[in-house]
Amino acid sequence: MATKGDTILEVRDLVKHYPLNQGIVFKKQIGAIKAVDGVSFDLARGETLGIVGESGCGKSTLAKVLMALERPTSGTVKIDGRDIGRARGGELKRMRRNIQMVMQDPYTSLNPRMTVGDIVGEPFDIHTEVAPKGDRNRKVQELLEVVGLNPDHINRYPHQFSGGQRQRIGIARGLALQPEIIVCDEPVSALDVSIQAQVINLLERLQNEFNLAYIFIAHDLSVVRHISDRVGVMYLGKIVELGKDTEIYDRPAHPYSQALLSAVPVPDPEGRENRERIILQGDPPSPANPPSGCRFRTRCWKAQEICATEEPLLEIRPGTDHESACHFAETHDVVHASS
Amino acid sequence: MSKTSLEALPAEGGLGNEPLLAVDDLHVEFATRGGAVKAVNGVSYSLDAGETLAVLGESGSGKSVTAQAIMGILDIPPARIPKGEVRFHGTDLLKLSEEARTQVRGQRIAMIFQDALSALNPVFTVGWQISEMFRVHRGMSKRDSMKKAVELMDRVRIPAAKQRVNDYPHQFSGGMRQRIMIAMSIALDPEVLIADEPTTALDVTVQAQVMELLAELQRESNMGMILITHDLGVVADVADKIAVMYAGRIVENAPVHDIYKAPAHPYTKGLLESIPRVDHKGQELYAIKGLPPNLLAMPTGCAFHPRCPYRQDNCVTDVPPLYEISGTRNSACHYWREVLDGDQG
């Protein structure tokens, strides 16, 4: 799948820092939260890139910068070869049509005072060229049908729907402008287990139908593996490992990826006593003041002097088959270690 | 129903024939404008010392309400317990006076809540909140109780406990706050610990830390633990036995290995099959169709029948009792044999 399409999204050295200010009248900048600090990747048409990492690692900031909801501090986000970070006015508006978002919480991301028809049809108010006025209701009903909702419910309000149905409304809104890229920020984490599978299936079906490219941000690693063609592991604003799903899950090379994968509870009690568990000590450091060199070294069991002085680059390392940012990268299958 | 469930859940060891904690045919209703909502509808389970019981269910299945009834922290009214017993060492807690319950609550049965940030009081230091346990229940002085608080923070492995005892909840990370909650709950060496989604708000790496800590504390003091969760992975890791809840009832209970090997209720089976697995990559995930029922308008017969692939005519009319499959295993499905066989074949 990875080679199926040409590159549609190209992210290079993307940086987003939020200034930390002191003082009320005379503000002065005393530092910055380095939320995203040098992220690069490509996304092909019809491909799904999963982004995993703990809270605070910069996943959601990355999503906002990709959507041009935040301007990058430096670096570029190119959609079809054009930089959305530098685009202004009419050009930005046109580019935004091509990249849409599905939010995490279907309870707060839908306006309770708008009907479903208004919510799903709102993108047409802004981008009037997509659907002429008289045609809108029909378009909205089509969209509702595509995501598996009853088109007759167009005049209902969000509170009349369950969590899973609301997430479908959010997805319909994301599809309205026929984008090529959809950024899904934790699209299923607020849903119950039995509903999660329905929404994941819907997302996969839509991808096949419309050849969509997904950026799929989630903390549930089993969901990410299921849906992704490639996976990037983020830690403190950087991608520490990037590769195909099988490469990351079966042959993780970065110690952080290994710890993350081994911490995921396996839904099978057989052999639980001998399962390998790498338990990280402490919490991630603050992104305002990340450690020198490798950012993971403060919690890493492999850390040496070089880790404090030299920052490891994201590259293919000897003995591994995909990119990782660790001086001592070494593949180690943690998921199947017990069997 | 009450007879069958009593027989169906034999006490495993315990004191005499009585388990440490036994919930028996518990019903809880909430009065609402739309009528009485039956949140818990005849739930029975039991727990022995040193044992971990996982209560698995989706939101609205009644798993937390059951726990709140055990703790005696339901708001009555609007809640009402029309029927049922919660026996602790053989004594029905629901019949005790409020003073007697206060003696049990927190001291002998303690609870950890899901969201540590909202469960802790933001305007008191964590040391003060932990030490409150000793002042209220043990009558200790301020100074002694604060010393105890530091000891406890050490025990749940909060680094630099001595310096941090006077910090406020917002100064701690999510994982550390959950440790503070755990410190408070184990302060008085309870015999039963109820953990209501203790790691749902946490990252996987922190979840692993917290679950390891809980397991260790349990080993040290031989507590019985009720773990309420919707995460099938966490359950497989730590539970000894499982009770699966759906729409206010237990639909299946079994030792942990049995249930993952071959579920005996279509709902459990559907849940297990809807987990994304490596070998199903690229295929459509199995999804239980439909939605959980509205508790105000429960389906007739088996509450799961509108979503069930095994449905027959009598499922629509007859409420299935909790059938006994083996001495330790029950399923509330008329066709549990077919479900069980279907998985093995």
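Let's start with one stretch of chain A, residues 9–261: its end C-alpha atoms lie 27 Å apart, and the span is 35% helix and 28% strand. Please keep in mind that this is a predicted model. The UniProt record, an unreviewed entry, puts the feature "domain: ABC transporter" on residues 9–261 of chain A.

Staying in chain A, have a look at helix H1, residues 59–66. How many of the eight residues of this helix are buried? Six of them are, so H1 of chain A is largely enclosed by the rest of the structure. If you'd like to click through them, the buried ones are A:Lys59, A:Thr61, A:Leu62, A:Ala63, A:Val65 and A:Leu66. After H1(A) comes A:Ala68, and its phi is positive, near 60°.

Next, helix H3 of chain A, residues 116–126. Its buried residues are A:Val116, A:Ile119, A:Val120, A:Gly121 and A:Pro123. And what covers them? The cover includes two helices of chain A, H4 (136–146) and H5 (163–175).

Now over to chain B, where I have two alanines to show you. For B:Ala160, phi is near 50°, a positive value in a residue that is not glycine. B:Ala247 also has a positive phi, near 50°, and again we are not looking at a glycine. Where do they sit? B:Ala160 is in the loop that runs between helix H6 (142–155) and helix H7 (161–164) of chain B. B:Ala247 belongs to the loop between two strands of chain B, E9 (241–246) and E10 (249–255).

So, buried or exposed? B:Ala160 has 10 C-beta neighbours inside 10 Å, and therefore counts as exposed. B:Ala247 has 24 C-beta neighbours inside 10 Å, so this one counts as buried.

Let me finish with the place where the two chains meet. Chain B brings 33 residues to the contact and chain A brings 30. On the chain B side, four helices each supply at least two residues: H9 (204–221), H10 (232–238), H11 (256–261) and H12 (266–273). Which of them gives the most? That is H9(B), with six residues.

Methods:
Residues numbered from 1 in each chain as written. Chains lettered and ligands numbered in written order. Predicted model: local features only at pLDDT ≥ 70, side-chain atom pairs only at ≥ 80, totals over all residues. Contact = placed C-beta atoms within 7 Å. Buried ≥ 20, exposed ≤ 12 C-beta atoms within 10 Å, placed from the backbone. UniProt positions renumbered as here; feature names shortened; annotations may be inferred.
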